[in-house]
Amino acid sequence: MVNFKIEVIVLPVSDVDRAKDFYGKLGFREDVDYHGPNGFRLVHFTPPGSAASLLFGHGITAAEPGSAQGVHMVVDDIVAARDELVSRGVLVSEVYHDAGGVFHHAGRKDRVPGLQPERRSYGSFATFTDPDGNLFTLQEVTERHPGRITQVVYGSVAEVEQALRAAAIAHGKHEEELGHADAEWPAWYAAYMARAAGLES
């Protein structure tokens, strides 16, 4: 089957420069700020570690500013992620989980303060908005359900190097236990690096 990759989320905003300042303050990478004829403008930001980017501007959507209400950002430590956003001046809700335990309800319905009691993957949330009211939900995912991952994304070359070094050390111990060289080391490395990133291999 052909791959269908979601890579761009269009955000409706009323003030492009204000939105640009906000997402820059978050530490997201600015990829594009294009000015075209007749006031057309396109600004493109990518959150750290994300395969999808945020796009906003002037003349790119007829949606009402602030009407994007379902954008989820997956993090591996929701407490650390919330703390980082707060340190950057963002107003973020307290961490919460849902009484039903599967996914959060709309608005504040069945919202329970605090981390999911067993800190089960997919179960803890926090929210924040941009200046127009576009709503973002942080969701903590530490272990993926089987079959959910087809690619592993690292945020930088330094992260890849660190993962390779860790894999090399672990693989050395693996070969010691085997008692011989592991001819299938590429597959072992790939599985190890996926697990180390908190993902299923």
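Modeller: Let us begin with burial: a residue is buried under 20% relative accessible area, exposed over 50% and partly exposed in between, using a 1.4 Å probe and protein chains only. Tyrosine 189 has a relative accessible area of 17%, so it is buried. This is a predicted model, in which local features need pLDDT of at least 70 and side-chain atom pairs count only at pLDDT 80 or more, while totals for chains, interfaces and linings use all residues. Residues are numbered from 1 along each chain as its sequence is written, and side-chain values use heavy atoms, with hydrogens and water left out.

Biologist: What makes phenylalanine 22 and tyrosine 23 an edge-to-face pair?

Modeller: Rings of Phe, Tyr and Trp (its six-membered ring) pair if their centres lie within 6.5 Å; planes under 30 degrees apart are stacked, over 60 edge-to-face, and the rest tilted. Here the centres are 5.0 Å apart and the planes stand at 85 degrees, so the pair of phenylalanine 22 and tyrosine 23 is edge-to-face. Phenylalanine 22 has 8% relative accessibility and therefore counts as buried; tyrosine 23, at 0%, is buried. Tryptophan 185 and tyrosine 189 also form an edge-to-face pair, with 5.4 Å from centre to centre and 75 degrees between the planes.

Biologist: Where do tryptophan 185 and tyrosine 189 lie?

Modeller: Both lie in helix 4 (residues 185-196), four residues apart, which is about one turn of the helix. Helices (H or I, at least four residues) and strands (E, at least two) are DSSP runs, numbered from the N terminus. The protein has four helices and nine strands.

Biologist: Which residues of helix 2 are buried, and how do you know that they line one face?

Modeller: In helix 2 (residues 78-87), the buried residues are Ile78, Ala81, Arg82 and Leu85. Seen down the axis, the buried residues of helix 2 fall within an arc of 95 degrees, so they line one face of the helix. That arc is taken over the directions from the helix axis to the C-beta atoms. These buried residues pack against strand 5 (71-75), strand 8 (125-129) and strand 9 (135-140), where contact means heavy atoms within 4.5 Å.

Biologist: What makes aspartate 77 a cap of helix 2?

Modeller: A side-chain oxygen of aspartate 77 lies 3.1 Å from the backbone nitrogen of valine 79, at the N-terminal end of helix 2. A polar contact is a pair of N or O atoms within 3.5 Å; within protein, one must be able to donate a hydrogen and the other to accept it, and residues adjacent in sequence count only if both atoms are side-chain atoms.

Biologist: Where is aspartate 182, and is it buried or exposed?

Modeller: Aspartate 182 is in the loop between helix 3 (157-178) and helix 4. At 12% relative accessibility, aspartate 182 counts as buried. Its side chain makes a polar contact of 3.0 Å with the side chain of histidine 171. Leaving aside residues up to four places away in sequence, aspartate 182 touches His171, His174, Glu175 and Trp188.
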